[in-house]
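User: I am new to this structure and would like to learn how to read its features one at a time. Could you take me through them?

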Amino acid sequence: MLDKNFIGSLLDEALSTGGDFAEIYVEDTESNALTMLGGTVYKASAGRDYGVGVRIFDGYNAIYAYTCGSDKEEIAKIVKKAAQALKKDGRIQRAELKEDIIDNIHIIQIPPHKIEKSKKVQLMTAAHKAAKSVDSLISQVSINYSDSKKHILVANSDGRFVEDDRTYVRMHISAVASKGNEMQTGVDGPGAHCGFEFFESLDVEEYARKAARTAVTMIHANYCPGGRMPVVLANGFGGVIFHEACGHGLEATSVAKGNSVFAGKVGQKVANEKVTAIDDGTIPNAWGSTNIDDEGTPTQKRILIENGILKGNMIDLLNARRMNAKSTGSGRRQNFRYAPTSRMSNTYIAPGSDTFDEIIAGTEYGLYAAKMGGGSVNPSTGEFNFSVAEGYMIRNGKIAEPVRGATLIGKGNEVIQRIDMVGSDLAFGQGVCGSLSGNVPTNVGQPVIRVSEMIVGGRDGAQNG
Amino acid sequence: MLRMAKKDLMEKIFDKGREYGLKDMEIYLGKGSSFRVRIHKGEIDNYSVSSTEGLSLRGEYNGQMGYAHTSKLDESSVEMLARNAKENAEVLTNEDKEVIFEGSPEYKLKDTYSEKLDRVTEKEKIEFAKEMEAKAYAFDKRIESVPYCYYGDSSGETLIKNTKGLELFSKNNMAYCIVNVVASDGNDKKSGTAYRCSGDFYTFNAEEIAREACENAIPLLGGKSVKSGSYPVLMDREAVIDLFSACSDIFNAELVQKGLSLLKGKLGEAIASEKISFIDDPFIDMAAGYRAFDDEGVACRYKKIVDKGVLTTYFHNLKTALTDGTETTGNAYRASYSSSISIAPTNFYIENGDTDVAEMLNRMGTGIMITEIEGLHAGLNTVSGDFSLSARGFYIKNGKKERPVEQITVSGNYLTLLKDVAAVGNDFKFGMPDGGGYKGAPSLLIEKLSVAGE
């Protein structure tokens with residue numbers, strides 16, 4: 001990494017044109033990726049990504065510049081270029097850089113880069129075989145293994161000087177079932193902010209079988225009927241509904257400028273009283289956790305909604321100014337190519353008191369979304385959509401036939417008011433969330449929940465209740 | 001062009017590779033710089049500049065191709081690149097053979113870099129972006145906010161150099177702008193977006209772009225859902241471009257060979273209405289729209305992928321062509337220097353038709369006009385072709401827009417949709433370039449799609 005004196009001189013240069021805050025971000029990431037397709041190791045790559053980003057604030061406005069590599073001349077040049085965007089008088093005195101040693105709560109026992117590639121391949125082969133063994137209709141299995149080690153340094157004109165290491169491992173499994181001209185897929189992708197020991201306690205084969213079973217179930221399924229109906233969303237990755245429907249609208253990125261349906265509503269009832277939602281970046285070794293955010297602020301456990309009342313937002317340093325608030329340690333970025341902004345970490349609906357059986361039994365007719373796909377939202381209007389990867393009809397209070405091709409759409413502020421039952425079986429699922437500051441690892445989570453009414457996108461002509 | 005130091009570094013990497021036992025090797029070097037401003041309420045809310053470069057080494061070892069990449073272009077990376085390329089090759093059990101290419105007999109090289117764009121001052125760019133935002137607010141009092149308003153430009157250089165003597169260089173640049181507005185009538189909010197992309201900054205008209213964004217939002221205010229059912233659908237060109245782009249992978253020979261495309265075994269068959277032709281044209285005279293060679297160094301060429309409904313070829317690179325016993329179509333692609341060789345279209349589009357949109361609406365009579373679809377990354381399964389997407393647009397009665405429509409989903413299968421095309425619009429346009437190039441389409445009249453709503 002770069003030395004403190006050099007970074008101090010960069011901060012001085014950055015502040016030389018009248019900026020009132022400056023930050024230097026240095027990143028060095030080593031990554032490995034393996035792809036297995038049809039049981040053969042199809043692709044293997046490895047690389048190193050090194051770069052520096054400089055950010056300057058001028059009130060509510062920000063300047064960002066970045067460059068690759070560690071050539072000091074090149075770095076100094078880009079910092080100068082950034083500073084030249086401002087032409088103001090006056091110059092603030094920056095605080096002296098004080099090295100902060102963080103208390104690492106994400107212990108890495110086995111650094112993945114120390115594990116032979118052949119051992120990683122063994123794990124993939126086991127997953128491949130497990131998926132294939134589920135059914136003869138499984139026609140293709142693709143498995144992606146990835147690990148990375150990211151070292152970051154953040155220094156700013158408030159005197160912060162802090163470094164952090166993040167190690168990630170993930171295995172993504174996709175199984176395809178084919179019958180005649182049709183194909184259906186099932187996916188799963190367990191991952192963690194953890195070393196290779198993650199796979200010691202993880203039943204990779206069971207994840208592979210689950211993905212394959214989804215594909216096989218869906219190839220036999222008819223299309224989902226469309227229309228308004230109650231929807232029960234299973235625990236774990238079902239939490240993507242909160243992530244899309246509300247989470248993005250609670251990020252300062254959209255709240256600070258009033259571009260969110262949830263802007264200005266702290267203290268108001270925005271959800272059903274059964275809903276308590278939390279963003280927690282401190283869960284040890286969780287996929288969305290970090291010791292500090294990418295602005296050097298320690299991460300927090302933060303209640304977003306408590307018993308239906310909006311309590312808070314996820315805030316980064318720049319938007320904190322606009323909101324006259326403090327950063328919540330939510331400033332994240334994919335890498336040095338992006339300026340950080342407020343993002344979710346591990347975001348979930350807290351457990352309630354209903355049980356899965358009660359929820360299903362209490363639903364006369366509706367859709368049970370056993371596995372969710374991804375989704376997206378427009379925070380300005382609250383309109384969201386996401387897909388159901390494995391769905392079943394609920395008839396007479398019982399889970400009935402599987403259905404494919406369902407999509408759920410709605411408006412975030414409406415749907416959280418309609419969450420009328422919340423189970424107790426909280427679980428998490430791993431996702432990669434894409435937004436202004438790139439793709440970042442995030443956990444979504446929830447216990448099983450019911451939404452009293454949603455528009456389910458399905459197909460005309462599907463068998464209807 | 002490249003400094004001598006870079007040439008020395010590349011030779012050192014090849015030397016180190018040889019030490020590690022790598023045979024044929026290739027370096028792919030990508031270099032880029034960018035500028036972007038975002039305006040919020042008349043101020044530069046965000047200003048960003050960058051200069052980046054990185055390189056990737058691929059090398060053959062025991063018949064397999066190993067990759068390694070770095071953004072740290074100095075001596076400290078030489079050893080790491082050679083070692084990683086070898087180690088990665090060792091672990092592969094691939095049966096398809098990837099090769100390093102010695103070069104095509106000829107290339108249609110053309111300098112499309114716009115020097116003119118380099119001469120536009122920062123002040124002009126910033127003033128333009130500010131004007132775009134101001135024009136949006138001024139357009140109508142229902143414009144409540146402008147969540148994003150950007151101007152940006154970027155330039156890039158690519159160098160491919162291999163041990164078989166091939167050395168190719170290209171350079172391009174482009175400017176773009178995008179504005180997104182939210183209109184509100186007090187009860188309902190709708191957003192609208194407009195964008196432009198060009199090598200000539202002076203073709204951007206702030207007022208026209210702002211107006212387009214506002215006109216995409218305001219008429220949708222007060223939209224309601226419709227009764228679930230099967231409807232004829234007029235898909236506006238922007239929605240067609242989105243769906244067409246998201247489905248372009250089904251033509252990827254690698255996915256076909258691996259059983260991950262619904263077009264497997266369909267070469268020579270009718271896969272779409274005879275009114276439809278799909279073109280891949282690498283030689284379009286638009287910013288960043290010209291490609292003389294692909295990312296393996298193969299000369300690019302113009303081809304029809306679907307000719308009057310019939311599938312004539314898949315997109316190939318050298319590896320998939322070898323596996324299929326055919327010739328590469330010059331569609332080898334790397335998303336960036338750090339990606340391995342895959343396949344992508346260059347500029348890929350649905351050929352323009354001859355029917356006016358008004359005429360298509362008339363022909364449809366009663367149905368739905370879809371102006372926007374959302375949720376493509378989740379609601380579309382590119383392996384099965386099935387989609388179920390959130391949509392907005394208008395309810396059409398007797399060929400006229402009767403009212404806006406929201407909170408509906410349209411569902412179907414991509415290939416069924418292509419077969420159900422009843423008319424092709426004459427309103428062709430290109431979208432924003434992504435990956436290998438531009439995607440374009442006219443509006444399409446679809447006989448029927450399943451719509452879910454009330």
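User: Which residues does Tyr151(B) touch, not counting residues up to four places away in sequence?

Analyst: Please keep in mind that this is a predicted model. In soluble globular proteins, nonpolar side chains tend to be buried together. Here, Tyr151(B) touches Phe35(B), Arg36(B), Val37(B), Leu117(B), Lys125(B), Phe128(B), Ala129(B), Ala175(B), Tyr176(B), Cys177(B), Phe201(B) and Phe204(B). Tyr151(B) is also listed with Ile7(A), Ile24(A), Phe128(B) and Val181(B) as the residues that touch the most other members of the largest nonpolar core, which has 58 residues. A second, separate core has 57 residues, among them Tyr231(B) and Ile408(B).

User: Which residues of H4(B) are buried, and what do they pack against?

Analyst: In H4(B), the buried residues are Lys125(B), Ile126(B), Phe128(B), Ala129(B), Met132(B), Glu133(B) and Ala136(B). Because they cover an arc of only 160° around the axis, they lie on the same side of H4(B), whereas the face turned away from that buried side carries the exposed residues Lys123(B) and Ala138(B). The buried residues pack against strands S1, S2, S4 and S5 and helix H5 of chain B.

User: How many residues of domain 1 of chain A are in contact with domain 2 of chain A?

Analyst: In the domain assignment, domain 1 of chain A covers 4-219 and domain 2 covers 223-457. Contact joins 54 residues of domain 1 of chain A to 40 residues of domain 2 of chain A, and the area buried between these domains is about 3700 Å², with 51% given by carbon and sulfur atoms.

Key: Residues are numbered from 1 along each chain as its sequence is written. Chains are lettered from A and ligands numbered from 1 in the order in which they are written. This is a predicted model: local features need pLDDT of at least 70, side-chain atom pairs count only at pLDDT 80 or more; totals for chains, interfaces and linings use all residues. Side-chain values use heavy atoms; hydrogens and water are left out. Buried means under 20% relative accessible area, exposed over 50%, partly exposed in between (1.4 Å probe, protein chains only). Helices (H or I, at least four residues) and strands (E, at least two) are DSSP runs, numbered from the N terminus. The arc is that of the directions from the helix axis to the C-beta atoms. Contact means heavy atoms within 4.5 Å. A nonpolar core is a set of buried Ala, Val, Leu, Ile, Met, Phe, Trp, Tyr and Cys residues joined through side-chain atoms within 4.5 Å. Domain bounds come from an automatic or database domain assignment. Buried area is the accessible area (1.4 Å probe) that two parts lose on being put together, summed over both.
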